[in-house]
Amino acid sequence: MVDGVGDDDGAGGGGEPECSDSLKTFGAVVQALREHAGLSREAFAPLVQFSKHTVESIELGRRMADPVFVERAEEALGNTGALRRSARHLSRQPGLAAWFRQWARLEAQAISLYTYECRLIPGLLQTEAYARTLFVNQLPPLGDQQIEAQLAARTERQRLLRERPNTAYSFILEEHLFLRRTGGMDVTLELIDHVLDLAQLRNIEVQVMPEVRENHAGLHGPMRLLETPDNRWFGYSEGQECGQFISDSKVVSTLKMRYARMRSQALPLEDSVSLLRRMRGAA
């Protein structure tokens with residue numbers, strides 16, 4: 001399993017299954033309270049400081065509401081307490097492992113998110129064509145509806161990059177992830193263009209770890225780290241058939257130390273961008 005049961009960031013696994021009943025119910029409550037207050041989605045969105053699309057996704061049960069949304073929605077809709085109480089019972093999707101549900105909730109409100117990958121391009125950076133290639137090659141095979149559902153879920157999650165401009169995203173990617181040409185040359189060229197576009201955003205730093213690197217602090221494998229609004233740090237790592245949410249401060253400290261060393265070992269942002277441009281031109 002890559003990136004956990006039900007995660008929408010990895011090569012396949014469970015992806016994002018169907019919406020849970022709790023998400024649909026919570027969304028219906030939000031919509032009912034909004035309509036009772038005489039607010040359209042266009043009028044409600046500025047009040048909670050989320051996009052109209054995000055409001056719609058929450059109301060339709062396609063997206064987990066983070067605590068910030070819940071609090072702002074409560075204030076905008078009369079402080080009845082209904083949303084706060086019902087939010088406590090939210091579960092993302094059936095079949096989603098508890099340790100990843102916790103990570104997904106924290107990720108949606110993180111102020112810093114660090115990702116090192118040596119197996120595949122992280123889900124937040126993937127193009128539709130690249131992600132489709134991963135899903136089509138998933139074993140056991142996925143059905144067409146499962147593939148489309150997971151693609152939709154991945155696209156939805158990628159909105160984090162643009163909807164949270166105050167979150168600092170750092171990605172360290174191995175050079176061979178682009179040299180592998182997953183999906184073929186056209187898919188790779190589109191992927192490089194996409195990563196280059198994202199690297200222009202002020203809150204996103206992409207670093208490439210050179211293929212030849214005599215000293216490498218990331219040889220233990222992929223890792224993810226995040227910082228919460230109250231400045232607590234958590235980690236996440238996984239193998240093929242298991243994943244681990246890491247809250248032990250000593251272990252997280254070790255991961256932070258390794259990630260900091262990798263940032264010094266990988267190419268700086270400007271050099272990484274130059275390398276990707278050369279790879280694109282030589283393809």
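Good morning. I begin with strand 5 (residues 233–238) and strand 6, which run antiparallel and are joined by four bridges. Within this pair, Y236 lies opposite F245 of strand 6. Strands here are DSSP E runs of at least two residues, helices are H or I runs of at least four, and both are numbered from the N terminus. Two strands count as paired if DSSP finds at least two bridges between them.

Please note that this is a predicted model, in which local features need pLDDT of at least 70, side-chain atom pairs count only at pLDDT 80 or more, and totals for chains, interfaces and linings use all residues. Residues are numbered from 1 along each chain as its sequence is written, and side-chain values use heavy atoms, without hydrogens and water.

What joins strand 2 to strand 3? Six bridges do, and these two strands run parallel, with strand 2 covering residues 168–174. S170 of strand 2 is found opposite E205 in strand 3. Five of the six residues of strand 3 are buried, so this strand is largely enclosed by the rest of the structure. Buried means under 20% relative accessible area, with a 1.4 Å probe and protein chains only.

Finally, I come to helix 3, residues 52–59, where T54, V55, S57, I58 and E59 are buried. Just after helix 3, G61 adopts a positive phi of about 75°. Thank you.

Key
Buried means under 20% relative accessible area, exposed over 50%, partly exposed in between (1.4 Å probe, protein chains only).
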